[in-house]
Amino acid sequence: MKMNSKGKTARFYKSRLTAAAIIAAAACFLRFAARNRQDFSDAWLLYVNPIWVNTLGRIAGLFPFSLVEFLIYAIIVGILFFIGRTICLAAWGKRRQSRTDPFSASTAAAGVPDSAAATGGHPLWTGFFKRGVTRILLLAAIIFFLYEGGEDVYFFCTPFSTTYGYGNGSYSSEQLTEVCRFLVDMCNTYTDKVDRDEDNRMSLFPYAKWRARQAMENLGDEYPILDGWYPKAKGVCISRLMSKTNMAGIYSAYTSEANYNTEMPAYNKPFTMCHELSHLKGVLPENEANFAAYLACVRSDQPDLIYSGCLTGWVYCGNELYKRDREAWREIAVTLSAGANADLEYNTAFWKQFRGKAADAAEKFNDSYLKQAGQSAGTESYNQVVDLIVSYETGKSGH
């Protein structure tokens with residue numbers, strides 16, 4: 001006996017819900033295992049991450065634009081379409097129902113099934129609503145799984161700094177002062193080796209995205225965790241949205257993409273590209289991603305990358321020195337070159353213009369997100385890169 005169309009449709013909806021439940025259960029398992037077994041997270045990083053990046057990353061890499069950006073726009077449009085059409089069909093069903101006799105069983109005579117009458121009086125409304133809901137549930141389950149497998153699990157791996165022995169947890173003000181002096185000397189050395197515009201602000205050399213990618217690949221030769229293939233970082237088309245929320249870059253676990261804000265000052269871009277690319281290799285804690293970006297930039301042979309790493313490093317380390325010893329900070333800060341000062345002044349002015357409720361809300365959201373992911377310092381974790389930089393530079397110099 002052949003199954004009628006109604007039975008086939010019901011079976012299809014059921015299979016879609018079953019698939020959503022299985023995928024969501026797998027995501028929950030990953031979430032539980034990562035939070036309770038660090039060896040599980042380490043194994044996932046070692047064996048699964050290369051496959052993950054080499055499939056999702058390469059597929060997304062076929063597109064010259066940020067795939068996740070346009071997927072977000074498509075999802076928003078799809079949800080709005082679903083809501084709009086649902087409202088229209090509901091209204092249409094009510095109009096049809098109002099034409100029947102409310103005091104008799106005339107819905108059947110009007111050719112409207114009982115199930116349709118119970119849900120607005122029109123079978124199209126019923127079918128469309130079920131299709132929409134099951135699709136949304138399946139999409140939500142897939143997004144949940146991609147987030148857990150491509151991002152959340154890495155927050156609970158053995159930290160990059162622990163693996164390679166960086167970070168002491170404490171450092172003296174003298175060590176910090178020495179490193180700050182070194183970073184300013186490096187900025188002064190490279191400030192005239194980068195291109196500058198008519199306002200004396202840094203301009204990137206061509207193919208920065210490819211060169212940042214190469215810098216990360218080169219870093220992988222010394223640090224195996226970072227080894228392997230990288231996509232190129234992608235600029236977000238509508239970067240103004242990122243500017244308004246004070247975002248320099250964002251990593252997409254759903255497409256294995258490293259995205260950056262194309263509007264921000266040029267000196268920020270190489271460092272941000274490398275920061276986001278490090279997330280693809282499971283370096284999720286923000287201080288460690290900053291440290292990986294610093295290493296990639298300063299160890300490259302590209303003047304604009306070196307300058308980006310040193311100037312950003314000075315910002316982080318200089319801010320910490322300012323808290324500890326303002327006089328020492330002033331003595332070093334006055335030696336910073338005019339070009340570097342021009343870049344920092346432009347950077348301050350650029351982000352200042354976007355301060356407001358949107359930026360504050362994004363900051364609070366990011367802070368909460370990082371804390372639930374195990375980074376108790378929240379957004380302050382970015383600043384904790386100072387310990388790693390000081391550890392690396394003082395260790396390198398033998399102090």
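Colleague: Is R240 buried, partly exposed or exposed?

Modeller: This is a predicted model, in which local features need pLDDT of at least 70 and side-chain atom pairs count only at pLDDT 80 or more, while totals for chains, interfaces and linings use all residues. Residues are numbered from 1 along each chain as its sequence is written, and side-chain values use heavy atoms, with hydrogens and water left out. Buried means under 20% relative accessible area, exposed over 50%, and partly exposed in between (1.4 Å probe, protein chains only); R240, with a relative accessible area of 41%, is partly exposed.

Colleague: With which residue does E263 form a salt bridge?

Modeller: A salt bridge is a side-chain nitrogen of Lys or Arg within 4 Å of a carboxyl oxygen of Asp or Glu. E263 forms one with R240, the closest N and O atoms being 2.9 Å apart, and E263 is itself partly exposed, at a relative accessible area of 25%.

Colleague: How far apart are the closest N and O atoms of R299 and E222?

Modeller: In the salt bridge between R299 and E222 they are 2.1 Å apart; R299 is partly exposed at 40% relative accessible area, and E222 likewise counts as partly exposed at 43%. The structure holds 13 salt bridges.

Colleague: Which residues have the most contacts inside the largest nonpolar core?

Modeller: In soluble globular proteins, nonpolar side chains tend to be buried together. A nonpolar core is a set of buried Ala, Val, Leu, Ile, Met, Phe, Trp, Tyr and Cys residues joined through side-chain atoms within 4.5 Å. Here the largest has 69 residues, and L226, F291, Y307 and W314 have the most contacts inside it.
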